[in-house]
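Please go through the model below with an eye on its domains, its metal site and its nonpolar packing.

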Amino acid sequence: MKITDVETILLSLPQIREIGDGCQDLLVVKIHTDEGITGVGEVHTNAPAAKAVIEAPLMSVSASGMGRLLVGEDPRDINRLWDKLYRKTQSYGRRGLAIHVLSGIDMALWDILGKSLGQPVWRLLGGARRRKVPAYASDLDPGDPGALKELAQKHAANGFRAMKFGWGGLGGNVRQTVQTVAELRGTVGDDVDIMIDLGFAAPLEDAIYLGRGLADHGVYFLEEPLDPDDLAGFSRLTAVSPTPIATGEKETMLQPYLDLMDRGGLRIIQPDVARVGGITETLRILAHAEARGVRVIPHCWSADILIAATLHVLAVAREAPYLEFNATDNPLRRELAAAPFRPIDGLVAMPDGPGLGVELNEEAVQRYRVAV
Ligand SMILES: [Mg+2]
């Protein structure tokens with residue numbers, strides 16, 4: 001089997017707003033083969049920039065566009081192709097954008113491998129430890145306590161037993177934030193896990209105040225309270241915060257997670273399969289986390305290709321506390337798959353079809369497709 005083309009499909013909402021929703025545009029990667037099997041992947045980053053990483057020409061032995069490195073190769077040689085893409089982009093890659101793109105390509109290669117064998121990816125990874133996983137509703141904080149409570153009631157009514165809010169007013173005023181979370185707890189009751197996502201760098205003193213104050217209201221984790229590079233701050237925060245601290249959605253590759261765990265004291269990490277280096281790199285991160293007893297609750301805030309890839313990882317993980325399930329009302333995210341993943345009683349079932357097990361809604365793809 002040989003790769004014949006790496007197709008980039010840029011999808012966008014008609015209007016992109018400056019809000020904390022990173023899937024207002026998406027880059028879907030389709031890898032075509034001479035045997036008629038096509039693999040799909042999704043890159044969670046600035047989509048037009050990612051498209052350029054695939055389509056760029058050869059600049060040097062260590063600064064190539066990625067698409068040309070794949071054409072003519074056997075897509076089933078995932079490990080070898082992963083290394084090839086990493087090494088031949090190292091002058092501008094190794095972290096960030098190039099690894100985001102490698103993530104989408106890796107997903108598409110796993111999809112092809114599964115389809116070529118007629119098996120779901122989780123079976124190729126050694127078999128599932130579970131066939132369903134609890135999902136938490138992941139939503140943006142509307143910035144108003146009353147509206148926040150209404151959202152929480154909606155998610156609870158939809159069967160979610162856990163929910164996260166962030167990227168709005170939460171964290172700006174720490175005493176108000178603790179009060180708002182206390183009211184949220186009163187709204188949803190004691191049986192729902194609440195997560196809070198600051199989504200930006202708070203001062204360490206504020207993060208410590210929140211880590212202590214939110215513990216009174218049983219917050220499951222406090223996410224991304226500090227600058228991603230502030231390992232010393234994380235180390236001080238995790239040492240004193242009774243609320244578990246989670247972070248890691250902006251990292252790429254294994255090494256930063258080793259630092260977060262070993263130097264930052266993190267006990268929950270959040271790699272994003274569409275950013276860190278795909279299923280392949282997420283499994284490496286998972287192995288190191290499991291060796292340290294650290295929980296992996298992947299960041300998953302995009303469309304159904306990423307949900308599928310994340311589910312295959314969660315299927316084989318020793319522990320899978322939660323799937324992050326984007327609960328915002330974004331039509332591009334909602335319509336991309338022919339049969340979208342939906343939680344039932346708060347649980348999402350693993351895909352059973354060959355490969356990633358997700359088929360695109362080609363009508364929606366054509367509707368949202370834009371040229372650059
Ligand atoms: Mg987040």
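The report takes these topics in turn.

This is a predicted model, in which local features need pLDDT of at least 70, side-chain atom pairs count only at pLDDT 80 or more, and totals for chains, interfaces and linings use all residues. Residues are numbered from 1 along each chain as its sequence is written, and side-chain values use heavy atoms, with hydrogens and water left out.

**Domains**

The chain splits into domain 1 (3–118) and domain 2 (124–362). These bounds come from an automatic or database domain assignment. The C-alpha centres of the two domains lie 24 Å apart. In contact terms (heavy atoms within 4.5 Å), 36 residues of domain 1 meet 41 residues of domain 2.

The size of an interface is often given as the accessible area lost when the parts come together. Here domain 1 and domain 2 bury about 3,000 Å² between them, 66% of it on carbon and sulfur atoms. That area is what two parts lose on being put together, summed over both (1.4 Å probe). His44, Met107 and Trp110 supply 21% of the area that domain 1 buries against domain 2, more than any other three residues.

One salt bridge is found across this interface. The term requires a side-chain nitrogen of Lys or Arg within 4 Å of a carboxyl oxygen of Asp or Glu. Glu362 forms a salt bridge with Lys30, with 2.9 Å between the closest N and O atoms.

**Magnesium site**

Three protein residues donate to the magnesium ion, at 2.0 to 2.3 Å: Asp197 (OD), Glu223 (OE) and Glu249 (OE). Donors are N, O and S atoms within 2.8 Å of the metal (3.2 Å for Na, K and Ca); water is not among the atoms, so sites may look incomplete. Their spacing along the chain is D-x25-E-x25-E.

Buried means under 20% relative accessible area, exposed over 50%, partly exposed in between (1.4 Å probe, protein chains only).

Strands (E, at least two residues) and helices (H or I, at least four) are DSSP runs, numbered from the N terminus.

**Nonpolar packing**

A nonpolar core is a set of buried Ala, Val, Leu, Ile, Met, Phe, Trp, Tyr and Cys residues joined through side-chain atoms within 4.5 Å. The largest has 120 residues, of which Ile31 and Ile105 touch the most other members. Helix H4 (residues 97–117) gives this core its largest share, 11 residues. Both domain 1 and domain 2 contribute at least three residues each. Another core, of nine residues, lies apart from it and includes Met195 and Phe221.
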